[in-house]
Amino acid sequence: MSDLQTNISSGEFPHDAPGTSDVILETRGLTKHYGGVHALENANFTLRKGEHVAIMGDNGAGKSTFVRQITGVEQFTRGEIIFDGKNVKFENPMEARQAGIETVFQTLALADQLDVPDNLFLGRELVKFKLGPFSILDYKAMRERTMEALVKTGVKIPNIRGTIERMSGGQRQCVAIARTATFHSKLTIMDEPTAALGVQETAQVENIIRTLKEQGEPLILISHNMRQVMDLCDRIVVFRRGRICADIDITAGDVTGEEVVAYITGAKTQPQFEDAA
Amino acid sequence: MSESTHGIGGLTFDAKKRARPPELNVLFALILIIGVFELLGAFLMGQSFLFDSADRFDSFLNEARLKIIILQVSIIGIIAIGSTQVIISGGIDLSPGSVVGLTAMIAMSFAQVAEVNGNPNPKAVFGPAWMDLPAIVPLVVGLSVGIAAGLINGLLIAYTRIPPFIATLGMMVTARGAAKWWTKGQPVSFPTEGYASIGQGMMPVLLFILLAVLFALILRFTVYGKRTYAIGSNEDAARMSGINVARHKVLVYTIAGALAAFAAVVLSAKNLTAQAGMGVMYELDAIAMTVIGGVSLAGGRGSIVGTVLGALIFGVIISGFTFLRLDAYYQEMVKGAIIVGAVVLDQWRQGRMAAKM
């Protein structure tokens, strides 16, 4: 991890945190109300560098709402978000992205008629010659950076010059994930990355997530897939009715799926979150 | 990465493996249509369509016909370049025909000569102080009119969220009205020699080719082009990627307006006169050229090369009908059928693409 950090720090997207702690993301009392609906209530959440955390919960439990506040898709009602040592309140997804939070959306944010490098560099094209909107694209550099990103994430795509519409669902998802690796993001968020994929394609995506883990890239994974979460993550945070009701360390391997399900359904609540019930 | 076929880890980006460009299909269609007219010519007329069968020319091609084919599509072709980038961005522009009318009227008003055969210009719009101006003045005025119309289109579409169809339909009606209002319906004539020279001889063809090359390069090699495709392909993705979609759309429609205005200048210079009714239905012909050229009305797909080929198909069909001495009525009917056919083909192609996944 340290090697990687050094490499990235020397690049054009500085990676070094101004804060000294190893916490990359923290939310304090994060709350979101839609009118009278309390979609998210007082969420205290911490993510350390290199950690992979799963967010689980039933539909409408507040998982997606929580992520939308962090990624700037929506603006939270109350609370604080501390990202990379700084207090942040993103006005839009682009600001979050510029700060280093990359999101793989449930609906793939890819342009079907463009090829892999075009998609990876969408909105942040590399240019040879600056001329305002008519700046000349540097196709060669973008291809090379794309290859680097694909190698880094372990994504295998037969032909990066092929358009996205010709690719399988798994390949598309891989491109979407590789995209997050292209820009040395500080935090990756994946919203149900394998929900629409077959067995083999799911395995491919899971391998990429393992690669990210080895490289020390922190990740928030929203998933309904218990096996996947148990396999890939260090910790499970369970949401229920807009509140966090459990924060379970699963690195020791002594936590069963049934136990997690009990938290999700409301059969159990961790003592420290009693007020949530 | 000097070895251009194999990248790291056996990943490839072999240019040869890319799918056959759809423009090639359009080219085949063009050749096929020419072939049909050649056959019909041989059987019905006893002469060749494109080749010199009567030994009237130095080359073996019928130069006169070739010139007419390209000359008659080059002015609408300039509009079609603008329509191409609008349609690639996922929009549609119905206003260019009317913008041509309005721009021609206004530009021509600034291009008039003071005296015609020793008498004062009978069609004068302004006083003598505004006559005999250098050609650059009407050109700049004309382009400004088109840019303003395109800007209004773009702002409406980007910021009020009305569909492009409605916004540009409004501009289509408004600009036509403004064109009639400008001189209360009177034609504007007698331009200066400098202005007229913009549209004489093969100038329209030359300008069409220059603009086509310029925009083919812009769409292929610039950030503007890439984002135009991206927005047409998946607008949400473009937005989530941080592209300022609204601002980009304003630019796309403004450029389309400028190109329509340029076509108007060329057209009025060619005809030596401007009338409020100029350019009626040009927008539909321009859209037809782009669709025939393989630009998808769904957005994200197509190219200027395709549109130029589409324009040529258009020209060949019109010339072919004249060559076969068929009535102009048939031309319009067939034109309509071709437009519908091209869209059906596009739908079918997309359906097949979706089925493959």
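What follows is a set of questions and answers about this predicted model.

Visitor: What should I know about the numbering and the model?
Guide: Residues are numbered from 1 along each chain as its sequence is written, while chains are lettered from A and ligands numbered from 1 in the order in which they are written. The model is predicted, with local features needing pLDDT of at least 70, side-chain atom pairs counting only at pLDDT 80 or more, and totals for chains, interfaces and linings using all residues, and side-chain values use heavy atoms, leaving out hydrogens and water.

Visitor: How many helices and strands does chain A have?
Guide: Helices (H or I, at least four residues) and strands (E, at least two) are DSSP runs, numbered from the N terminus. Counted in this way, chain A has nine helices and 12 strands.

Visitor: What share of the residues of chain A count as buried?
Guide: A residue is called buried under 20% relative accessible area, exposed over 50%, and partly exposed in between, with a 1.4 Å probe and protein chains only. Accessible areas come from the Shrake-Rupley method with a 1.4 Å probe, and for residues only the protein chains shown count as cover. The accessible surface of chain A comes to about 11,500 Å², with 50% of it belonging to carbon and sulfur atoms. Of the 277 residues of chain A, the share that counts as buried is 57%.

Visitor: In what order do the four strands of the open sheet in chain A lie?
Guide: Strands of a sheet pair through backbone hydrogen bonds, either parallel or antiparallel, and two strands are taken as paired here if DSSP finds at least two bridges between them. The pairing in this open sheet of chain A is antiparallel, and the order is E2-E1-E4-E5.

Visitor: Which strands of chain A stand at the edges of that sheet?
Guide: Each edge strand has a single partner strand, so one side of it is left without a neighbour in the sheet. The twist averages 25° from one strand to the next. The edge strands of chain A are E2 (37-48) and E5 (86-88).

Visitor: Which residue in E5(A) is the bridge partner of A:Ile82?
Guide: Strand E4 (residues 78-83) of chain A is joined to E5(A) by three bridges, and the two run antiparallel. The bridge partner of A:Ile82 in E5(A) is A:Asn87.

Visitor: At what angle does helix H2 of chain A run to E1(A)?
Guide: Axes are lines fitted to C-alpha atoms, for helices over the stretch in contact (heavy atoms within 4.5 Å), and angles run from 0 to 180 degrees between N-to-C directions. Helix H2 (residues 63-70) of chain A lies across strands E1 (23-34), E2 and E4 of chain A, and its angle to E1(A) is about 115°.

Visitor: How many residues apart in sequence are the parts that A:Asp112 and A:Arg172 tie together?
Guide: The side chains of these two residues, A:Asp112 and A:Arg172, meet in a salt bridge (3.3 Å, N to O), a term for a side-chain nitrogen of Lys or Arg within 4 Å of a carboxyl oxygen of Asp or Glu. A:Asp112 is partly exposed at 25% relative accessibility, whereas A:Arg172 is buried at 11%. A:Asp112 lies in the loop between strand E6 (101-104) and helix H4 (116-120) of chain A and A:Arg172 in helix H6 (residues 169-182) of chain A, so the separation of the parts they tie together is 60 residues.

Visitor: Which residue of chain B meets A:Asp118 in a salt bridge?
Guide: The bridge is 2.9 Å from N to O, and both A:Asp118 and B:Lys226 are buried. A:Asp118 lies in helix H4 of chain A and its partner in helix H8 (residues 223-233) of chain B, so the pair joins two chains. The partner in chain B is B:Lys226.

Visitor: Is B:Glu23 buried or exposed?
Guide: B:Glu23 lies in helix H1 of chain B, and, leaving aside neighbours within four places in sequence, B:Glu23 is in contact with residues including B:Gly302 and B:Leu309. At 18% relative accessibility, B:Glu23 counts as buried.

Visitor: What distance separates the C-alpha atoms of B:Ile70 and B:Met202?
Guide: B:Ile70 is placed in helix H2 (residues 63-88) of chain B, and, beyond neighbours within four places in sequence, B:Ile70 is in contact with B:Met202 and B:Val205. B:Ile70 and B:Met202 are 132 residues apart along the chain, and their C-alpha atoms are separated by 9.3 Å.
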